[in-house]
Amino acid sequence: MPQSSTTPTPVKAEECRCCPRLHEAVELVGKRWTGAILYVLMQGGRLRFTQVAQAVPDLSDRLLSERMKELERCGIVERKVAATSPVRVEYRLTDRGRDLESSLAELKGWADRWLD
């Protein structure tokens, strides 16, 4: 049976190497709270900061702000400021962020099957 293009070909132990891009992606999405933030944005579309904060229990405003800024710098989240009174700030996933949806859905499925 041919192997999937995402399944690594078995090699000798001394030839095993980590893929730098995979490592970078896992480090980004795997940071504490980031996966939960992304999952909430995937479900909710365009959300205000407080809506994200309420949807992720135990996440401090400081850490949420830090993660949102990082995701924005990476082009995964877009921050939109509406010129209203009071000012309304909303966040949504970019195309790059929405492209993570299938990967996070697979990870959630794995978690549902294997984690208590």
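Reply: Let's start with a term: a residue is buried when its relative accessible area is under 20%, exposed when that area is over 50%, and partly exposed in between. One thing to keep in mind as we go is that this is a predicted model.

Me: Thanks! Is Glu66 buried, partly exposed or exposed?

Reply: Glu66 has a relative accessible area of 37%. That value falls between the two cut-offs, so Glu66 is partly exposed.

Me: Which residue forms a salt bridge with Glu66?

Reply: To read a salt bridge, look for a side-chain nitrogen of Lys or Arg within 4 Å of a carboxyl oxygen of Asp or Glu. Here the partner is Arg62, and the closest N and O atoms are 3.3 Å apart. Arg62 is exposed, with a relative accessible area of 58%.

Me: How many residues apart are Arg62 and Glu66 in helix α4?

Reply: They are four residues apart, so about one helical turn separates them.

Me: How many salt bridges does the structure hold?

Reply: There are eight. One of them joins Glu90 to Arg88, with the closest N and O atoms 3.0 Å apart. Glu90 has a relative accessible area of 15%, so this residue is buried, whereas Arg88 is partly exposed at 36%.

Me: Now for helix packing. At what angle do helices α2 and α4 cross?

Reply: For a pair of helices, look at how their axes approach and cross. The axes of α2 (residues 34–44) and α4 (residues 61–73) come within 10 Å and cross at roughly 75 degrees. Angles from 65 to 115 degrees count as roughly perpendicular, so α2 is roughly perpendicular to α4.

Me: Which residues make the contact?

Reply: From α2, you will find Thr34, Ile37, Leu38 and Leu41; from α4, Leu64, Arg67, Met68 and Leu71. Sorted by class, six of the contact residues are nonpolar, one is polar and one is charged.

How values were computed
Residues are numbered from 1 along each chain as its sequence is written. This is a predicted model: local features need pLDDT of at least 70, side-chain atom pairs count only at pLDDT 80 or more; totals for chains, interfaces and linings use all residues. Side-chain values use heavy atoms; hydrogens and water are left out. Axes are lines fitted to C-alpha atoms, for helices over the stretch in contact, and angles run from 0 to 180 degrees between N-to-C directions. Helices (H or I, at least four residues) and strands (E, at least two) are DSSP runs, numbered from the N terminus. Angles under 35 degrees count as roughly parallel, over 145 as roughly antiparallel, 65 to 115 as roughly perpendicular and the rest as oblique. Contact means heavy atoms within 4.5 Å. Ala, Val, Leu, Ile, Met, Phe, Trp, Tyr, Cys and Pro count as nonpolar, Asp, Glu, Lys and Arg as charged, and the others, Gly among them, as polar. Buried means under 20% relative accessible area, exposed over 50%, partly exposed in between (1.4 Å probe, protein chains only).
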